[in-house]
Each structure stands twice: as C-alpha cells, then as structure tokens.
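Subject: Structure handover

Hello,

Here is the structure I promised to pass on. Please open it first, then read my notes below.

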Amino acid sequence: MSRGRARGLLRALGGRGAREEAPTGPGAPGPGEERVVLYGRAGCHLCADARAVVTVVADRVGAGVREVDVDAPDPADEPGGRPGALAERYGELVPVVVVDGVQHAVYHVDAARLEAALRRPPA
C-alpha cells in the first residue's frame, strides 16, 4: 500500500461519523486493555501499513496494542523464552496481527474486519 493510499485510508477511518462504543459487560476488556499484538520488523513497509491501520482501529474502539519486533524481541515474548523463536515462527510472514491470542491477519490488515473482531468480547 502506498503512503498516499495509507493516508487516505487513515483519513477515511478517522472521519466516519460517531464512534460506536467498545463491547461492555462481563468478559469485556477494560478501556485500553491490550487485545492486539502486532508482530513485525524494522524496515518492513507492510508492517508500517499494518501499524497505521491497527493504530486507528484500536484507538477507535479503545483497545490496547503491543508491538513486537520479531528480530529483536524481549525474551518475555519468546515462546519458552528461547531467543530467535519469534523470527523462526514468523519469518517472512510479517506483519502478523493477533487479536485476543488468535492470529487475525498476515501481510495486510482489513480495517473493517479488525474493527469487527475488536467489537466482539474476547473469548
């Protein structure tokens, strides 16, 4: 996605009428609770595009986002704490978006689909 197209998408997402409220009730996450993990790497243009979409949508619904660099992760992010496990797992698949612990998207993020997922209460 070109930068111009990404900016246009962000403008379109930001300018859509009144915001709906995030899910409420038992099991619903608190405001800003981390529900999205974006796995990516430095210098990845698809990761930058995904970050733009994820940020706008997560802000709209009040969901928290954590980014993880698969090439230089915190050992706490590594499966079993083994260095290099994320780079092995995701390799060239980045960006990978995980919502509520379930893989949601690879390479490209559809804003409407992500928003629908974030409006559902976590399982």
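One cut-off before the findings: a residue is called buried under 20% relative accessible area, exposed over 50%, and partly exposed in between. L93 has 34% relative accessibility, so L93 counts as partly exposed. Keep in mind that this is a predicted model.

**Overall layout**

The protein has four helices and four strands. Along the sequence, they follow the pattern α-β-α-β-α-β-β-α. There are 123 residues, and 38% of them count as buried. Take the contacts with a separation of 6 or more: 67% of them come from residues 24 or more positions apart.

**Helix α2**

Start with α2, residues 45–61. This helix has 17 residues. From first C-alpha to last, α2 reaches 25 Å, close to the expected 24 Å. Its buried residues are L46, C47, D49, A50, A52, V53, V54, V57, A58, R60 and V61. After α2 comes G62, with a positive phi near 80°.

**The disulfide**

In general, a disulfide is a covalent bond between the sulfur atoms of two cysteines. This structure holds one. The partners are C44 and C47, with their sulfur atoms 2.5 Å apart. The link of C44 and C47 is right-handed, with 75° about the S-S bond. Both C44 and C47 are buried.

**Two nonpolar cores**

In soluble globular proteins, nonpolar side chains tend to be buried together. Here the largest nonpolar core has 17 residues. V97, V99, V109, L114 and L118 have the most contacts inside this core. The largest share, six residues, comes from α2. There is also a second, separate core of twelve residues. Among its members are L46, V70, L86 and V94.

**Where α2 meets α4**

How do the axes of α2 and α4 cross, and at roughly what angle? They come within 10 Å and cross at roughly 35°. The crossing of α2 past α4 is right-handed. On the α2 side, the contact is made by V53, V54, V57, A58, R60 and V61. On the α4 side, A111, L114, E115, L118 and R119 make it.

**V109**

V109 deserves a separate look. Is V109 buried or exposed? At 14% relative accessibility, V109 is under the 20% cut-off, so V109 counts as buried. V109 is found in the loop between β4 (102–106) and α4. Which residues does V109 contact, leaving aside neighbours within four places in sequence? They are A50, V53, V54, V97 and L114. Of these, V97 and L114 are also listed with V109 among the residues with the most contacts in the largest core. The C-alpha atoms of V109 and R51 are separated by 9.0 Å. Along the chain, V109 and R51 are 58 residues apart.

**The loop between α3 and β3**

Now back to L93. L93 lies in the loop between α3 and β3. Not counting residues up to four places away in sequence, L93 touches V106 and Y107. L93 and Y107 are 14 residues apart along the chain, and their C-alpha atoms are separated by 6.5 Å. P95 is also found in the loop between α3 (85–90) and β3. A cis peptide bond joins V94 and P95, with omega about 0°. V94 is one of the residues of the second core.

**Backbone points to check**

Most residues other than glycine have a negative phi, and most peptide bonds are trans. Two non-glycine residues with a positive phi are worth a look.

- D100 is not a glycine, yet its phi is positive, about 55°. D100 lies in the loop between β3 and β4. With 31% relative accessibility, D100 counts as partly exposed.
- Y107 is a residue other than glycine, and its phi is positive, near 75°. Y107 lies in the loop between β4 and α4. Y107 is partly exposed, with a relative accessible area of 36%.

Then follow its contact with α4.

Best wishes

Note on methods: Residues numbered from 1 in each chain as written. Predicted model: local features only at pLDDT ≥ 70, side-chain atom pairs only at ≥ 80, totals over all residues. Heavy atoms only, no water. Expected span 1.5 Å × (residues − 1). Buried < 20%, exposed > 50% of the residue type's maximum accessible area, 1.4 Å probe, protein only. Core = buried A, V, L, I, M, F, W, Y, C linked by side-chain atoms within 4.5 Å. Disulfide = S-S within 2.5 Å. Axes fitted to C-alpha atoms, helices over the stretch in contact; angles between N-to-C directions. Left-handed = near helix turned anticlockwise from the far one by under 90°. Contact = heavy atoms within 4.5 Å.
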